[in-house]
Amino acid sequence: MDSKTCSKSQQHEERPPQPTVQCVSKGHNFHRLLLLLLSVVAAVSGFSHFPVSGFLGKQVVLPCTYKGNVPVSDLLVIWGTTKGDILHRVVSGNDALTEQDAQFRNRTKLFKDQLEQGNWSVLLSDLRESDRSQYECWISKIDKQIHLEKIDSVNLFVTVSPSCPSDMEFNKEILSIYKYFQSFPGDSPVPVSGFLGEQVVLPCTYKGNVTISDLLGIWGTTKGDILHRVVNGNDDLTQQDPRFRNRTKLFKDQLEQGNWSVLLSDLRDSDQNDYQCQIYKRLETGYYWEQFHLVHLSVTGPEPSTRTRVGLGIGILVAIFVVAGIGIYIFRKC
């Protein structure tokens, strides 16, 4: 293979300028090295991997979108793992699969009719256990140099049965991407407060049109601790964090109306936290993110009892009368 020296500069509006990469070849080894290098850059930058789940033997779509103004004819797109294995490669809108890793041969496809609209997602078929990995979609502008335009990262989980998506790591992963959702406008936490030992409702409303039988709902902390989990409208608490055991409840009769709020009982100091309500819809190929809610729970001291409140009210009234009496006495004296 002929070789020549070329310069590659990666730039991204949300990242600091990347170092120029001097390369000697445009072959398979170069692209593996490029993927590895850029993956390290993404890791150092704290880039989050979006979770996607698929089923063994089925298909799954790994999402990647581009909203820039560079035409398809001037784009180089490389899908690959963070280990440097090339999943799919497109140059100027045409597949270039000579360097595709053997394990992905004849199992990948792009939506060619949607490239102009910015859809660079890849369809991966015949899912295998070995496909479980972190994938990255690198979109670059082809010029005299190659300029990095966009990075999308996906964490793919492969489960066995569509009826039982109980992968613990997947559930914890989708609860640990708080930083990803923090970048969405309007997603500041809804403040909720409760008293020690009492109950509190953490609000979550679903406004989509997917039926309950095709929804997966997961309540949890932003650290990945599972508060409550519902699959197809039924509680699935096998992975619930022990400290929430027997303290959570959903309003089952209101799920159809979109009320996915959770009732948390016997409040403790340790319950003060940020909580997420994430709702996923089930398709044939896996579960896909549908909606997200963020709630901040504050826990204060015990709520005053009725007797205490009554006594406090009487004390205030007595104090008012005493002050008023003193004022009248002074007025008359003067």
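Let me start with a term: a salt bridge here is a side-chain nitrogen of Lys or Arg within 4 Å of a carboxyl oxygen of Asp or Glu. By that rule, the count comes to nine salt bridges.

Before I go on, some housekeeping. This is a predicted model, where local features need pLDDT of at least 70, side-chain atom pairs count only at pLDDT 80 or more, and totals for chains, interfaces and linings use all residues. Residues are numbered from 1 along each chain as its sequence is written, and side-chain values use heavy atoms, with hydrogens and water left out.

Okay, how far can we trust it? pLDDT is the predictor's confidence in each residue, from 0 to 100. The chain averages 76, and 71% of its residues reach 70 or more. Over residues 1–28, though, pLDDT stays under 50, and residues 162–166 also stay under 50. Where pLDDT is low, the predicted coordinates should not be read in detail.

Now the overall build. We have four helices and 20 strands; those are DSSP runs numbered from the N terminus, helices being H or I with at least four residues and strands E with at least two. Of the 334 residues, 46% count as buried. Buried means under 20% relative accessible area, exposed over 50%, and partly exposed in between, with a 1.4 Å probe and protein chains only.

Let's zoom in on strand S11, residues 146–159. How many of its 14 residues are buried? Eleven, so this strand is mostly covered. Strands count as paired if DSSP finds at least two bridges between them. On the parallel side, S11 pairs with S3 (residues 50–55) over six bridges, and there Phe55 has Thr159 of S11 as its bridge partner. Then S10, residues 133–142, runs antiparallel to S11 with ten bridges, and Gln134 stands opposite Asn155. A hairpin of three residues joins S10 to S11.

Which residue forms a salt bridge with Arg229? That's Asp236, with the closest N and O atoms 2.3 Å apart. Arg229 counts as buried because its relative accessibility is 1%, and Asp236 is buried too, at 17%.

Compare Asp126 and Arg128, whose side chains meet in a salt bridge at 3.7 Å, N to O. Asp126 is partly exposed at 40%, and so is Arg128 at 35%.

Last one: Arg243 bridges to Asp241 at 3.3 Å between the closest N and O atoms. Arg243 is partly exposed at 26%, whereas Asp241 is buried at 17%. Those two and Asp225 are linked in a network of salt bridges.

Conventions: Contact = heavy atoms within 4.5 Å.
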